[in-house]
Amino acid sequence: MKLTPRLISAVLFVVAVLPVYSQVGPAATQGGLPITVGVGLSGFDPTNGSGLLLGGTLWIDYTPTQLPKILNGLGVEAEARDLSLNRSSSQPPNLRLDEASGGVIYSWRHIQNLRPYGKFLMGYGNIDSMAGSVRIHDSRTVTTLGGGVDYRVYRNIFVRGDYEYQFWPDYWKSTTPAGSLTPHGFTVGASYDFGYSRSR
């Protein structure tokens, strides 16, 4: 995928920030409201090689604190994304993907300042495109597999690196069987964890 200057700048910012806060800090506990809210910049290849489409992503994670010990780290995530920037000449001039989804997320919270996670989401997506000179709008149920890592940089602030692979079923109806659209890409962003506190 071809990186744009804006995406490169975002990645360089995250890489530059991480070493500054990489010292070992005091242990942490969950307290307060177990909700994390984050925003980020996403770069996705929407149609398997047509070019990188950019846009914004918002996510909200809820991680209950009263689960059995074996389920610690299990939570739910709601996510919304709008991709409509950086269209290449090989893409339709009106190309746009937007989606809203929710599902299960599991974070491994046993590493100092680092929270790797995996997730499974389902939701609803819309795509605007063109067939010849005709503008089309299509909607699908979207299934997402993903994962990444949250890194604590300061108090309740985390940076996130995230990868997702999506399935939009029966999109290419001219094929037999109908083929799926499979957008995939990365998100880099920051979040605030309302339930994170340092132990004294």
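**Salt bridges around Glu164**

Analyst: Let's start with Glu164 and Lys119, whose side chains meet in a salt bridge at 2.8 Å, N to O. Bear in mind that this is a predicted model. Glu164 sits in strand β8 and Lys119 in strand β6 (residues 114-131), so this pair ties together parts that are 45 residues apart in sequence. Both Glu164 and Lys119 are buried; for Glu164 the relative accessible area is 0%.

Glu164 has another partner, too: its side chain meets that of Arg81 in a salt bridge, at 3.1 Å, N to O. That one links distant parts of the chain, with Arg81 in strand β4 (residues 74-85) and Glu164 in strand β8 (residues 157-172), 83 residues apart. Arg81 counts as buried because its relative accessibility is 2%, and the cut-off for buried is under 20%.

Now zoom out a bit. Glu164, Lys119 and Arg81 belong to a network of salt bridges that also takes in Asp61, Glu77, Glu79, Glu99, Asp150, Arg160 and Asp162. Over the whole structure, a search finds 13 salt bridges.

For another pair, look at Arg140 and Asp138, whose side chains meet in a salt bridge at 2.8 Å, N to O. Arg140 counts as buried at 14% relative accessibility, whereas Asp138 is partly exposed, with a relative accessible area of 24%. As a general point, side chains of opposite charge can pair when their charged atoms come close.

How values were computed
Residues are numbered from 1 along each chain as its sequence is written. This is a predicted model: local features need pLDDT of at least 70, side-chain atom pairs count only at pLDDT 80 or more; totals for chains, interfaces and linings use all residues. Side-chain values use heavy atoms; hydrogens and water are left out. A salt bridge is a side-chain nitrogen of Lys or Arg within 4 Å of a carboxyl oxygen of Asp or Glu. Helices (H or I, at least four residues) and strands (E, at least two) are DSSP runs, numbered from the N terminus. Buried means under 20% relative accessible area, exposed over 50%, partly exposed in between (1.4 Å probe, protein chains only).
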